[in-house]
Amino acid sequence: MLAFLFRLAALCFLFCAPIIRVGRAQQVRPPAIKGGVAELSSAGPQRREGNLFIADDNVDIRYGEQRLRADHMEYNDQTSEAFARGHVHYDFQNEHLEADEAHFNVSTSRGTFRNVRGTIKIERRPNPSLLLTDNPLYFEARQVERFGHDFYIIHQAWITVCDPRHPKWQFYAPRARVRLDKSMALVNANFRLFRVPLIWMPYATAPAGPKIRQSGFLVPVAGNSTSKGFVFGDEFYWAPTTWMDTTVGAEFLSRRGSAERGQFRAKPWENTTLKYNYFGVIDRQKQGGHEQQFAVQSLLRDNWRFVADVNELSSLTFRLAFADTFGDAINSEVRSSIFLTNNFRGFSVNLAYLNDRSFITTNPQTSISLRNAPQARFSSVEQSPWRAPVYFAFDAFAGALHRDDVLIDTPSAVARTELAPRVTVPVHFGPWLSATTTAAFRTTYYGDSLVPGTAATPTPVLSNQSITRNDGEFTLDLRLPTLQRYFEPAPADKSKSRKRYKHTIEPSITYRYVTGIDNFPQLIRFDAGSTLSNTDEVQYGITQRFWMKSGDDQPQELVSWSLLQKHYFDPTFGGAIVAGQRNVLETFESVSPFAFAFGPRNSSPIVSDFKITPAGRFDTEQLLEYDPQLRKITAIGTLMKLKPYREFFVTVAHFRLQADTILQPLANQVRVLLGYGGETRRGFNVTTGISYDITNSALQNQLAQISYNGKCCGIALEYRRIALGQVRTDNQLRVAFIIANIGTFGNLRHQEKIF
């Protein structure tokens, strides 16, 4: 009997000893139901009651990547259920929860936490138009239900990404759902700034992952402008798949009517993208209209490529009245192009649709519409079939043309075909001189023609009589030797890379002769190809460049200055020049983008192009045109960009046209844009700019924007004025509150360019 009692006492000592040893942490490994192992340790006593492990004082359970800590813990090794109380901490990857009490299954990762404070670290991809923060998503809640590794239901939640001790903004929602790496949904929520409720939302969603798109209504927009009145609108975003989304919306304009917007984007295949934009206004003041764009890019099989950029505008008045920015409003051209192309072994096949509409006046509305569709073109680059330095190439096309303006309206499809073979022979006269000669023959057929005007009826008359243009072309391009000199000053600091400088002088002479075009007045001006005329000319110029090379880096061009002019031996260009009116010929376009001939010409303007491009803090270009026939400077263009400090920038543009009014109206405009900071930079950011018409003494555009971005939010204010004569004088005040990682509240959705 004594022996039995002694053995019983020894067994009790062995089994009960862990209960009374509290000097160091203890660890047991009860099994979990899914085959894993839950490691339980504590600094205090542990005991087992059936399937239940009970422990106190800094209890810690680890299961895979999960960790649950509390002052008191009860764990069932059969169900993997854990009950935790007092200073509860739960950690898993980028999630951290603190609670007073928790019921949690470590195997299924499902559980309930009460009186919770938690953070979830959400990774966001860099976005230049979105304020981002490294702060985690912080929330406080009465109760949090966790379902698996990626889904939470939060009850009576306060949510922010600001410092939880002093949050500048918060969302409050009686119920919120968070699906990690996807989205967050708030039900019956309100947005609070400094704890003051501002906006109520019956249902709202926000991204909770690096790149998540979710269907739903966007944040409403409200604002005011002097021309539109009170503005209120909203948009609906629909993303049914990962490769397609659509946005549709409408705005109420109290003084004008209503506006509609739409956008469709898709990428159905890896090498194919589609995009469609629509903007329209129903206007009570009869200035309404619409504009739309459809764009496609696709790389097809066997090296075929398809590109479409189709644009349509109902009227220039509509664009002037309702365009969002000054740069969009003053654009009077609408161009569309569709082409299918394939390049192979030096040959090119192209099928194209081209349409160009240029608006001239608004009241009455006049425009010039040019269409080249359909068109098929087959061409080749220079190729040598023999070893001799003789290269052959050709260009051939056939298509249908149409022109519509205030003077003529051609049939919808005027046939045109052209064949232009050419041969090129390079010639070398030693190492210092070379020349390239090119001879070509061009024959072009037009299905319709013009009957030139007379003194009694100066306007030409459209005729259905076909016409053929045949011409011969010869070009001699002389490559004169380039003069150069190197400079290599000794560096003051021997530790820095040695810099070398090079000055080059590059002369150029090109002679060109075109003959055979005796019917130029009978050609309908469909495009630039129809402005080809007889010419006997020489183009000469000189270009100076100054280079710098630092160490083993690539050479960098610091300064360049180009002077260019053409001399015409035939001042009438085979009778193509009409005195007293604006003349635009193909030979003029290679010298200047501005028209300069209103009569016979022996020479073109002298064109000077001076550039300073050291890269970094300074960049400028000065363009001058001096007309020896008018004996004055006719065009001045200046563009200067300064960035003296890292966050400070200045852009100045000045353009002046002062030739004869027969060629184009006189113009003298200056535009200035300066600022400090950036759209998403922390701290204060300022941008201001103007566009001033010196000729008419009119301030056309004015912009002032100031913003402050903190670590979790920001605010932006903008004043914008657009003055476009009688069509529009508009003053706008825009405000936006910026929420990091989410977006903006207000009518200033993102920073817009002044030009």
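Analyst: A polar contact is a pair of N or O atoms within 3.5 Å; within protein, one must be able to donate a hydrogen and the other to accept it, and residues adjacent in sequence count only if both atoms are side-chain atoms. Such a contact, of 3.1 Å, links the side chain of S227 to the side chain of D730. The model is predicted, so local features need pLDDT of at least 70 and side-chain atom pairs count only at pLDDT 80 or more, while totals for chains, interfaces and linings use all residues. Residues are numbered from 1 along each chain as its sequence is written, and side-chain values use heavy atoms, with hydrogens and water left out.

S227 is placed in the loop between strand 15 (221-225) and strand 16 (229-241), strands being DSSP runs of E of at least two residues, numbered from the N terminus. Its relative accessible area is 12%, and S227 therefore counts as buried (under 20%, with exposed meaning over 50% and partly exposed in between, for a 1.4 Å probe and protein chains only). Beyond its neighbours within four places in sequence, S227 is in contact (heavy atoms within 4.5 Å) with R255, R256, T729 and D730.

T341 is another buried residue, at 10% relative accessibility, and is found in strand 22 (residues 333-344). The side chain of T341 has a polar contact of 2.7 Å with the side chain of N350. A polar atom of the T341 side chain also lies 3.4 Å from the backbone oxygen of V349. With residues up to four places away in sequence not counted, T341 touches N303, W304, R305, S348, V349 and N350.

In the loop between strand 22 and strand 23 lies R345. R345 is exposed, at a relative accessible area of 68%. Although R345 is not a glycine, its phi is positive, at about 45 degrees.

The structure holds 2 cavities of 30 Å³ or more; on a 1 Å grid over the protein atoms alone, a cavity is a set of points where a 1.4 Å probe fits but cannot get out, and lining residues have an atom within 4 Å of a point. A volume is the space filled by probe spheres set on the points, which are joined across faces, edges and corners. The largest cavity has about 110 Å³ of space. Its lining is made of 14 residues, and I122, L137, V161, P207 and N741 lie nearest the centre. Strand 13 (residues 196-208) gives the most to this lining, with 3 residues.

The second largest cavity has about 80 Å³ of space. Among the residues that line the second largest cavity are F594, F596, P605, E625, D627, L657 and Q664. Strand 36 (618-627) and strand 37 (632-642) are the elements that give two or more residues to the lining of the second largest cavity.

Technical notes: Helix = DSSP H or I, 4+ residues; strand = E, 2+ residues; numbered from the N terminus. 1 Å grid on protein atoms, 1.4 Å probe; cavity = no way out; pocket = protein on both sides within 12 Å on 5 of 7 lines; lining within 4 Å.
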